[in-house]
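Me: I'm new to this, so please walk me through a protein model one feature at a time. Let's begin with how side chains pair up.

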Amino acid sequence: MWEFFIRSLDASTIFTIAALGELIGQRSGILNVGIEGVMLFGATLGFITAKTTGSYLLGFLVGIAVGGLIGLLHGFFSITLGGDQVVSGMGIWILGFGLTTYIGSPYTGPLGMERIPTILGLSPFFFVAIALTIIIWFILSKTSLGLRIRSVGESPEVAEVSGISVAKTRYLCVVGGGMLMGFAGAIFSLDYNPVWSYNFLLGRGFIALALVFFSMWNPFILLGGSILFGTLWQLSLNPQFIPGLMSRYKWRTVPFAITLGALLLMSTKWFRTKWGAATPEALGQPYVKD
Amino acid sequence: MPACRSTSVYYNHIRSLEVIDITPIEYRLFRVTDKDSQTGIQDNVLLTEECPVQKVLIQDIKRGETILEARGITKRFPGVVANDQIDFKIRVGEIHAVLGENGAGKTTLMKILFGQYQPDEGEIFIGGEEVRFKSPLDAIDLGIGMVHQHRKLIPAHSVIENIILGHPHAGTILNLKRAEKEVLEICEKYGFSLDLNAKVWQLSEGEKQLVEIIKALYRGAEILILDEPSSALTPMETEKLLTSIKAMSRGDLAIVPFITHKLPIVLRISDRVTVLRKGKVVCCIDTSEATEQSLAKEMVGREVIFRIERTKVEKGETILQVDDLSAVSDKGVVALNGVSFSISEGEIFGVAGISGNGQRELVEALAGLRKPEGGSVWLDGEDITFADSLKRWQLGIGYVPADRIAMGSIADFSLVENVTMNYYFDHEYYRRGVLDTKKIRELTNDIIAEYDVVTPNADIVAKCLSGGNLQKLILARVLSRKPRLLIVDLPTQGLDVGATEFVRNKLIDAKKEGACVLLISEDLDEVLSLSDWVAPIYEGEFMGILPGEDAKRELVGAMMAGIHLDEESA
């Protein structure tokens, strides 16, 4: 029981950190649907670095840096070139899927290093995830930078008139967000399941993407949601935990079904008149000046 | 003159730069002349360094003295001279109205003063010091604030978040308490009241405008430019706004020029008025010396007749018959509650009322855009209660929607294509499913010529037209179909005097030709001067239907506010 719960929280750690990265980008108006691709890059290159150098630290740093670079690439397409963010994001996913399979295949197999020590049986990154949640909530809602980020995501024109550089703010967010996604990928391949095999994430990046919509762009709901989704994911890996209820494949669809339900609820008139629009108004729209 | 010739460096301490050599742009050489020396060539100044600009403090300048002066401002756009040698002065503590028709260059001038455009020629002085704005930020730093016609606020954020956005003292960690306190001081000073923690989407249009005004003041604005401030407001909100403007001009800091084309507002509130026509200043006088007639004459360039003679046309057959019509609004509430009326050939039926009392539902139910909940509509004896919109066009209903940008036209379509929108279904204009573009183009050119639509040609996109010209085009394409029933919703909203007069005359022409007209308007004078029948509407019901001669202003005003005709006469 305890074991199952720990595993669930460990799974939710990866969802939380990756989804926080996506959340920052989306609050600034940039949608990155290629989150799975960014995580694959971070996980694979972090894994290779750690395996060849024997240093966890270097592995994580490389994972984070690679994530930031991919974020920068996405930023270049969607901010500087003003292209379609969904197209760019899908490109990043397909690229990540193909390229990491190619780069990583010689390293297939276990990492073969001493495991990262646990705290009360939990991965230390779980606590990092909680700290990150609080920090990002604080930045977004209590600081001037956060106000700028939210403004750019709601209405870039207004932000511009108020003297804020839309491009700079958005770049900051996609690069920072990419770093978090890369970090999440590295946590997966170095700590959660330190074995490399092709396409090992199995759609965890897409769960994180769904989580952002589910969270209504609120870091705390995101944290709660990721614990819920982590548990459901764990159930899909161990369907025998609640025997006879559902197969693993059905369990795996539950997070998406919940997200669909939440999105449906958010798009109702009742919700909008009561809570206002939760979605960043300019999400996914390129800001190109004439 | 200037109070502040302080030690700090203005970037105009380099008073002039003489061009010695022009080679590719990186190699431009300038001879810098000191401020006290002779002035050199002013054009083509290339400022290579960011120079700090310091704000002129208005406290240092006495009330009534010039704070901002523009000299010889010229701005050309391809094909037009938007501003032609404009001289313009604003004094401390005055409300200065800038009046002009659409396209007279008001907005261009204000955008230049706010740094959104750079003038091709001319100088701007603040407190006697020459300034150059590279962007609105420079203007803001020098104490100029602008409230745009279209709101520049973030609906999902709270009032205070909108106000402090981009403010240099916002702090790394937002100090909302301090900001709130400072903003409340401003509110108190000018007598504004506003819930700072409300979300902007929850506010009314007037409150949103107030947020923008406060934002500008909090940013340190001493010269506040209001662009068409009353255009989106209800009459009551306009009153509130005018009170606020008065309050600000009494204060020692705020100076409020504002641009509008609403003559009564100008006369009521401003101290001085500058009239622009075709990019030039035609006069600048104290408002006390002006009358509605004289200003209109300056604005349009000829006498304008405000009183339109009500032309009696021989009453013909009944065209439109509406019985007990009801409809619900988008929110699902009953917005139109059983109205009955009929209009005959040669009549204008005016519905007077404040927006949101069911006019929109009435119009849409008649145009076939909204399914009625009950009642019936007859056109020339045919039941069209549930006919679709296209069918109604074919039967001879012409509809000019209130929102000419969103509903009346497609912004990125050319004028020809926009005219096609009312003709594509006409057998005369297509053959075997293919549009006869030549014929439509001819028609468009005829329309442009007959209605005096100012445009380079028929192929430019609709969004390039000014409001008045776009409205002319829309009205023209509807009228050219010779409709039996013409529905016009707020036909002169946001139009200048000249265009308004034009549109009203066209309505009268339509009536003379035997059409019947349903006129929806918030402008009481418009309804009263044009209509043969006046029906004040209140909460989805007609408060009575008066013959045009009996519709007295006070009576109609009271009925619009919800007093039923019977109660009034009793």
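Reply: A polar contact is a pair of N or O atoms within 3.5 Å; within protein, one must be able to donate a hydrogen and the other to accept it, and residues adjacent in sequence count only if both atoms are side-chain atoms. Here, the side chains of B:R481 and B:D426 are joined by one of 3.1 Å. This is a predicted model, where local features need pLDDT of at least 70 and side-chain atom pairs count only at 80 or more, while totals for chains, interfaces and linings use all residues. Residues are numbered from 1 along each chain as its sequence is written, chains are lettered from A and ligands numbered from 1 in the order written, and side-chain values use heavy atoms, leaving out hydrogens and water.

Me: Where is the place of B:R481, and which residues does B:R481 touch?

Reply: Look in the loop of chain B between α13 (467-479) and β21 (485-489); helices (H or I, at least four residues) and strands (E, at least two) are DSSP runs numbered from the N terminus. Leaving out residues up to four places away in sequence, B:R481 touches B:W393, B:N422, B:Y423, B:F425 and B:D426, where contact means heavy atoms within 4.5 Å.

Me: At what angle do α2 and α4 of chain A pack?

Reply: Axes are lines fitted to C-alpha atoms, for helices over the stretch in contact, and angles run from 0 to 180 degrees between N-to-C directions. For α2 (residues 35-53) and α4 (residues 85-104) of chain A, the angle is about 20 degrees and the axes are 7 Å apart. α2(A) and α4(A) are therefore roughly parallel (under 35 degrees; over 145 is roughly antiparallel, 65 to 115 roughly perpendicular, and the rest oblique). Residues in this contact include A:F41 and A:L45 of α2(A), and A:W93 and A:F97 of α4(A).

Me: What about α5 and α10 of chain A?

Reply: The axes of α5 (residues 124-142) and α10 (residues 219-237) of chain A come within 9 Å and cross at roughly 155 degrees. That makes α5(A) roughly antiparallel to α10(A). In α5(A), A:I130, A:T133, A:I134, A:I136 and A:W137 meet A:P219, A:F220 and A:L223 of α10(A).

Me: How many residues of chain A are in contact with chain B?

Reply: 24 residues of chain A, in contact with 20 of chain B. About 1700 Å² is buried between chain A and chain B, 67% of it from carbon and sulfur atoms; buried area is the accessible area (1.4 Å probe) that two parts lose on being put together, summed over both. A:L147, A:V158 and A:V161 supply 31% of what chain A buries against chain B, more than any other three residues.
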